[in-house]
Amino acid sequence: MGYVAIKGGGIAIKGSLEALEALRAAEGEQGVPLSLSAIENQLRLLTSRIVSEGGLYHPRLAALAIKQMQGDTLEAAFALRACRSTKPRLLATPVQETSRMRVIRRISSAFKDIPGGQMLGPTYDYALRLMRIDLSDEAPEVFRTIAAKFMGETPAGNLPETFPKVVDALRNEGLLPQAPARAIEPFDITREPLIFPIPRSAILASMARAETGSLLALAYSNMRGYGDVHPTIAELRVGYLPVFLPHPITGEEIEAGEVLITECEVVAMYENSDNKSKPVFTLGYGACFGHNETKAISMAILDRALQKGMKEGPANPSEDPEFVVLHIDGVDSMGFANHYKMPHYVTFQSDMDRLRTTQAKAESKQGNEK
Amino acid sequence: MKKILGVKNLGKIHGSGCPRCLESTGPDAGSNICSHCSSVVAAANISFDLHAGEVLGIMGESGSGKSTIVKMLFFDEEPSLGEAVFFDDERQWDLFSVNAAEQRWLRNHRFGIVYQNPHLGLNFNFSAGGNIAERLLMSDLAHYGQIRERARDLLTRTEVMPERMDESPKKFSGGMQQRVQIAKALSTSPPVLFLDEVTTGLDLSVQARILDLILEIQQELGTAMIAVTHDLGVIRLLATRTIVMKNGRIIEAGLTDQILEDPQHAYTQQLVASAL
Amino acid sequence: MNPYYELPQDEAGYSFGFLDEYAKREVRRNILKAICIPGYQTPYASREMPMGRGFGTGGLQLTLSLIGRGDTLKVIDQGSDDSVNAVNLRHFIELTCPGVDTTERTQDATLIQSRHRIPEMRMTSAQTLVLQVPYPDPLVVVEPSEARRKIMHGEGDYSRLLTKLYEDIVHFDEITISHRYPTRINGHYVLDPSPIPRFDVPKLHQSPALILFGAGREKKIYAVPPYTNAEPLVFEDVPFRTEDFSDAQGRRRSCHRCGATDSFLDEFTGNDGERIYQCSDSDYCHQRLSTQHSAANEVSR
């Protein structure tokens with residue numbers, strides 16, 4: 001029965017997986033299998049993206065996912081999420097102070113000078129996007145000395161470990177509203193269903209593991225005119241944040257390790273408030289695992305837009321929490337886009353039944369009119 | 001005459017509100033914005049009765065709070081102050097203490113509304129007949145043939161060509177759209193109908209025909225109506241009694257003839273004089 | 001990160017049923033809630049599964065939370081046990097649930113996970129059917145906002161959905177909904193019965209088996225409890241109609257393999273261009289064929 005496409009699924013899947021694996025190793029004898037360490041370091045921004053979208057801070061597993069998924073970011077983040085599903089939540093961290101961050105880069109576009117000073121750090125912002133042909137055939141001996149050379153030439157100890165936060169300075173001057181009270185338990189999107197309207201912490205958590213491109217597209221729509229945030233970056237910082245956990249016996253907070261994160265705070269123009277309190281700037285917040293500046297900025301802009309939408313009602317898609325939160329998840333959206341490739345024989349049969357019936361009715365109606 | 005609606009001290013404040021909102025707004029203050037807390041007192045101290053079968057006019061310029069009253073009574077907006085009682089055939093409804101399901105029931109069965117903007121009253125994704133069907137379906141009629149027949153009758157009654165009942169109202173003229181809204185509002189034979197600036201923005205000849213239609217229906221069915229308008233002509237033609245509003249307050253109320261012939265408040269005098 | 005860090009070998013070791021126990025317990029709690037409020041879309045924190053959203057992750061989470069040693073599982077997609085997705089899901093469950101038996105025979109299964117079909121063989125009160133759901137909310141065609149839809153469901157306000165059916169009849173003289181036919185459960189909530197054909201909708205009504213629906217991407221669980229009313233949304237004078245399998249002469253078409261005239265048929269074109277009809281439920285077809293064979297053998301003996 002060669003024409004029944006629905007048969008033999010098991011054999012087909014097996015063959016498909018073998019073909020996939022063969023393509024991964026298509027270099028043949030010249031090939032060198034990628035080491036996880038090489039992926040984690042040489043493709044550090046890709047690894048960053050995967051830990052962030054995967055919602056699991058495990059760079060080595062992220063590197064493995066990248067290797068296994070042959071570089072597909074959606075698939076790799078997806079694999080990391082599925083891995084996370086098998087892990088129970090044993091502890092929740094208390095709120096972490098990002099002022100403790102060991103910073104590798106921090107900038108402000110609001111002020112020429114900020115407390116602690118600007119630090120450009122590693123960025124492609126001012127790198128010319130010219131093809132570096134020399135990288136195409138790199139000598140391993142040279143490659144291995146680059147990092148050591150950089151460290152040797154950088155004077156130690158002339159930079160502080162941590163920097164004060166720009167928004168704290170703005171708060172002290174009364175230009176920003178006071179920080180929200182810490183009393184509320186943050187919403188855990190991996191354990192609680194989203195029932196709209198949802199709190200801001202659920203929105204922030206959803207954006208923190210959102211697909212970068214989706215987040216950027218929505219934030220860009222707001223920047224271009226479907227919205228009016230007009231943000232200024234008060235501070236963008238990238239660095240290692242020590243994570244403190246309560247000691248299982250003493251309850252005392254102890255440092256359990258550190259995570260690389262990107263944090264962005266945008267300040268937007270003040271609004272007319274109903275009551276007569278002093279007008280202040282408004283703040284949008286973005287933060288995510290890894291070094292992902294585009295994502296953190298997009299998130300901060302959307303946070304600001306969504307706060308406006310929640311207060312006054314959304315005037316644009318980017319101000320509507322339901323619209324934004326339900327359309328930024330990479331695992332959800334890529335899964336659904338791809339599921340259309342699965343057999344839909346039964347529903348299509350049903351569609352044909354309806355179409356034929358309505359066609360027959362339309363024909364008989366035309367016949368009657370003639 | 002049987003009282004059908006009793007409104008007492010109804011009010012709506014936008015903003016945080018403060019204890020001095022009411023004393024610092026209104027026609028004497030010349031504003032509806034509270035000078036102490038910047039809240040907007042859209043309406044306050046609104047009390048009136050509506051009797052079965054009568055048309056009550058509410059007149060005032062834009063921003064006087066007249067539409068707010070109708071929106072609160074139809075549950076489009078939540079009131080900040082006051083109460084309203086609807087005296088139905090079988091029971092009394094304290095309008096602002098009923099639950100959401102009862103509100104919906106009252107909106108669908110006992111009240112009708114015609115908005116100035118047809119987008120508020122009609123779903124342009126549905127046909128004209130479908131819009132009427134939706135309201136009939138809300139009132140639990142579930143027979144396709146009966147729904148269609150009733151929709152056709154109503155559209156015929158409101159002078160919309162029944163052969164156009166399967167077209168979307170977005171293809172209709174402004175006057176036709178208002179007729180579809182009227183047909184939809186009347187579909188469940190509600191004892192109370194709210195008209196919010198129904199003829200504003202239409203050509204004069206179209207206005208006259210719509211007003212004629214409303215009068216005919218009112219006489220035929222005995223529907224009680226509240227007609228909100230800034231147009232003295234509409235008041236003159238439709239309303240037996242009239243309320244005049246300014247800065248969110250009632251400044252004058254009485255028989256329409258009396259108000260038009262012998263206005264007491266300086267503002268009403270000015271309104272009447274300017275219309276002549 | 002420590003540059004010498006190596007992945008521990010048990011990093012990919014999984015507990016029974018893949019999900020951690022807390023997650024399974026949460027799913028079971030929500031299943032109970034869904035059974036208590038027939039047809040109500042119970043929100044839950046859907047977990048990511050190792051297959052794509054839309055490939056049955058909602059149904060899979062229900063199955064994995066319910067299944068235990070001693071259960072016998074059947075997985076079907078498009079009525080077939082051997083289609084790619086059914087094979088993939090069954091393989092994954094076998095991998096992560098040691099001690100669970102699988103079967104293709106409907107009557108032998110205690111738990112059946114299915115996409116797009118309800119088995120032809122009437123299920124019993126000892127069985128549970130899990131259906132995979134892409135779109136849980138039938139109101140989505142008339143109202144995009146989830147918050148507003150929730151209110152409409154709560155108030156039992158389906159007038160706009162019925163108006164959509166009205167418009168259908170006006171424009172096409174027919175209700176054009178082919179599958180996912182909105183169905184009212186226990187007189188209140190209207191649910192999306194998942195993309196089963198209209199042919200399968202009557203099987204929901206007063207079903208002895210518990211029927212569960214899992215939407216992984218949209219993060220909802222809902223249920224038709226055993227012996228509960230399930231009525232397709234219709235007008236009093238426009239009856240609900242299932243797919244029409246009659247030929248030009250008005251005769252019911254039959255399966256070209258087993259000859260059944262009471263099953264949902266797949267239609268396809270043979271190598272010679274002729275149209276062929278065959279049972280969509282492959283197990284039903286096989287069992288009928290083998291009964292016919294053994295009957296024939298009896299006779300010949």
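In chain A of this predicted model, 4 strands form an open sheet in the order 1-2-3-4, with antiparallel pairing; strands, like helices, are DSSP runs numbered from the N terminus, a strand (E) having at least two residues and a helix (H or I) at least four, and two strands are taken to pair if DSSP finds at least two bridges between them. From one strand to the next, the twist averages 25°. Within this sheet, strand 2 (residues 232-246) and strand 3 (residues 253-268) of chain A run antiparallel and are joined by 14 bridges, and Pro242(A) stands opposite Glu258(A) of strand 3 of chain A. Helix 10 (residues 293-312) of chain A lies across strand 2, strand 3 and strand 4 of chain A, running at about 145° to strand 4 of chain A, where axes are lines fitted to C-alpha atoms, for helices over the stretch in contact, and angles run from 0 to 180 degrees between N-to-C directions.

Residues are numbered from 1 along each chain as its sequence is written, while chains are lettered from A and ligands numbered from 1 in the order in which they are written. Because the model is predicted, local features need pLDDT of at least 70 and side-chain atom pairs count only at pLDDT 80 or more, whereas totals for chains, interfaces and linings use all residues. The model scores ipTM 0.86 and pTM 0.84. Chain C averages a pLDDT (the predictor's confidence in each residue, from 0 to 100) of 92, and 95% of its residues score at least 70.

Also in chain A, helix 12 (residues 330-339) has as its buried residues Gly330(A), Val331(A), Asp332(A), Met334(A), Gly335(A) and His339(A); a residue is buried if 20 or more other C-beta atoms, placed from the backbone, lie within 10 Å of its own, exposed if 12 or fewer do, and partly exposed in between. The cover over these buried residues of helix 12 of chain A includes helix 3 (44-54), helix 5 (73-84) and helix 9 (212-224) of chain A.

In chain B, 6 strands form an open sheet of mixed pairing in the order 6-7-8-3-9-10. Strand 6 (111-114) and strand 10 (249-255) of chain B are at its edges, each with a single partner strand, so that one side of each is left without a neighbour in the sheet. Here the twist averages 15° from one strand to the next. Strand 9 (residues 241-246) and strand 10 of chain B pair in the antiparallel sense over 6 bridges, with Gly254(B) in strand 10 of chain B as the bridge partner of Thr242(B). Helix 6 (residues 174-186) of chain B packs on the sheet, where it touches strand 6 and strand 7 (192-196) of chain B, and its direction makes about 175° with that of strand 6 of chain B.

Residues up to four places away in sequence not being counted, Leu195(B) touches Val114(B), Ile214(B), Met225(B), Ile226(B), Ala227(B) and Val228(B).

Strand 5 of chain C pairs with strand 4 of chain C in the parallel sense over 4 bridges, Leu131(C) being the bridge partner of Ser114(C). Strand 5 of chain C is also joined by 5 bridges to strand 8 (residues 210-215) of chain C, again running parallel, and Phe213(C) in strand 8 is the bridge partner of Leu131(C). Apart from neighbours within four places in sequence, Ile118(C) is in contact (C-beta atoms, placed from the backbone, within 7 Å) with Leu129(C), Ile196(C), Asp200(C) and Lys203(C).

Between chains, 59 residues of chain C are in contact with 50 residues of chain A. The largest share of the side of chain C that touches chain A, 5 residues, comes from helix 3 of chain C.

Terms used:
Two residues are in contact if their C-beta atoms, placed from the backbone, lie within 7 Å.
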